[in-house]
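Here's a quick tour to follow with the structure open beside you.

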Amino acid sequence: MPHRVYFLNGPNANLYGLDKHGTYGNESFASIEARCQRHAGELGLTLDFRQSNHEGVLVDWIQEARLNSDALVINAAGLSYSSVPILDALLAFGGPIIEAHMSNIWKRERFRHHSYVSRAATGVIAGLGALGYELALTAVAELLKP
């Protein structure tokens, strides 16, 4: 049975590729999802790729993942820097957690330099755009090996 991975994306991730400043690159969210689905398949993973602009929905999905997935990749986006409820839900998850950010959060505004998500994460990948999303899936596949 292939390992199941939840890949959760937070507020405004659905707008990737539309940012006139290019902070998150030019690739659309749908294209990034397709890349991740293809890469997950190559790794033998089943991927549940989701996005919400709502904190409570993300908390619900993290709680759902406790019962339905082996690992979690999360880009909580702007909620990374403010959400204790997301942190608490992640701390209750038993498998590997990779925090992924499209941009290098440490080269951006000071408030982005502290992520609550990082406290629960097994590892963090940032600043590599959509490639970082693929690397997060590769990391999860390695962490799930017996």
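## What covers helix H2

The buried residues of H2 are covered by, among others, strand S1 (3-9), strand S2 (45-51), strand S3 (71-75) and helix H3. Keep in mind that this is a predicted model.

**Helix H2 on its own**

- H2 has 14 residues, and from first C-alpha to last it reaches 20 Å, close to the 20 Å expected at 1.5 Å a residue.
- Its buried residues are Leu58, Val59, Trp61, Ile62 and Ala65.
- Those residues cover an arc of only 160° around the axis, so they sit on the same side of H2.

**H2 meets H3**

- Two packed helices are described by the angle between their axes and by how far apart the axes are.
- For H2 (residues 55-68) and H3 (residues 84-91), the angle is about 5° and the axes are 9 Å apart.
- Angles under 35 degrees count as roughly parallel, so that's the label for H2 and H3.
- On the H2 side, the residues in contact are Glu55, Leu58, Val59 and Ile62, and they meet Pro85, Ile86, Ala89 and Leu90 in H3.
- Sort that contact by class and you get seven nonpolar residues, one charged and no polar.

**The buried face of H3**

- Which residues of H3 are buried? They are Ile86, Leu87, Ala89 and Leu90.
- Look down the axis of H3 and these fall within an arc of 165°, so they line one face of the helix.
- They pack against H2, S3 and strand S4 (97-101).

**Helix H4**

- H4 (residues 129-143) has 15 residues, which should span 21 Å at 1.5 Å a residue; its end C-alpha atoms are 22 Å apart, so the two agree.
- The buried residues here are Gly129, Ala130, Gly132, Tyr133, Glu134, Ala136, Leu137, Val140 and Ala141.
- Their packing partners are S1, H1, S2, S3, S4 and S5.

**Two buried alanines in loops**

- Ala13 is in the loop between S1 and helix H1 (29-43), and with a relative accessible area of 1% it is buried.
- Not counting residues up to four places away in sequence, Ala13 touches Phe29 and Gln51.
- How far apart are Ala13 and Val59? They are 46 residues apart in sequence and 16 Å apart in space, C-alpha to C-alpha.
- Ala121 is in the loop between S4 and strand S5 (123-126), and at 17% relative accessibility it counts as buried.
- Setting aside neighbours within four places in sequence, Ala121 is in contact with Ile97 and Glu99.
- Ala121 and Glu99 are 22 residues apart in sequence, but their C-alpha atoms are 5.9 Å apart in space.

- Most residues other than glycine have a negative phi, so keep an eye out for exceptions.
- Asn12 isn't a glycine, yet it has a positive phi of about 70°.
- You'll find Asn12 in the loop between S1 and H1; it counts as partly exposed, at 48% relative accessibility.
- Ala77 isn't a glycine either, and its phi is positive too, about 55°.
- Ala77 lies in the loop between S3 and H3.
- Is Ala77 buried or exposed? It counts as buried, at 12% relative accessibility.

Notes. Residues are numbered from 1 along each chain as its sequence is written. This is a predicted model: local features need pLDDT of at least 70, side-chain atom pairs count only at pLDDT 80 or more; totals for chains, interfaces and linings use all residues. Side-chain values use heavy atoms; hydrogens and water are left out. Axes are lines fitted to C-alpha atoms, for helices over the stretch in contact, and angles run from 0 to 180 degrees between N-to-C directions. Helices (H or I, at least four residues) and strands (E, at least two) are DSSP runs, numbered from the N terminus. Angles under 35 degrees count as roughly parallel, over 145 as roughly antiparallel, 65 to 115 as roughly perpendicular and the rest as oblique. Contact means heavy atoms within 4.5 Å. Ala, Val, Leu, Ile, Met, Phe, Trp, Tyr, Cys and Pro count as nonpolar, Asp, Glu, Lys and Arg as charged, and the others, Gly among them, as polar. The expected span of a helix is 1.5 Å times one less than its number of residues. Buried means under 20% relative accessible area, exposed over 50%, partly exposed in between (1.4 Å probe, protein chains only). The arc is that of the directions from the helix axis to the C-beta atoms.
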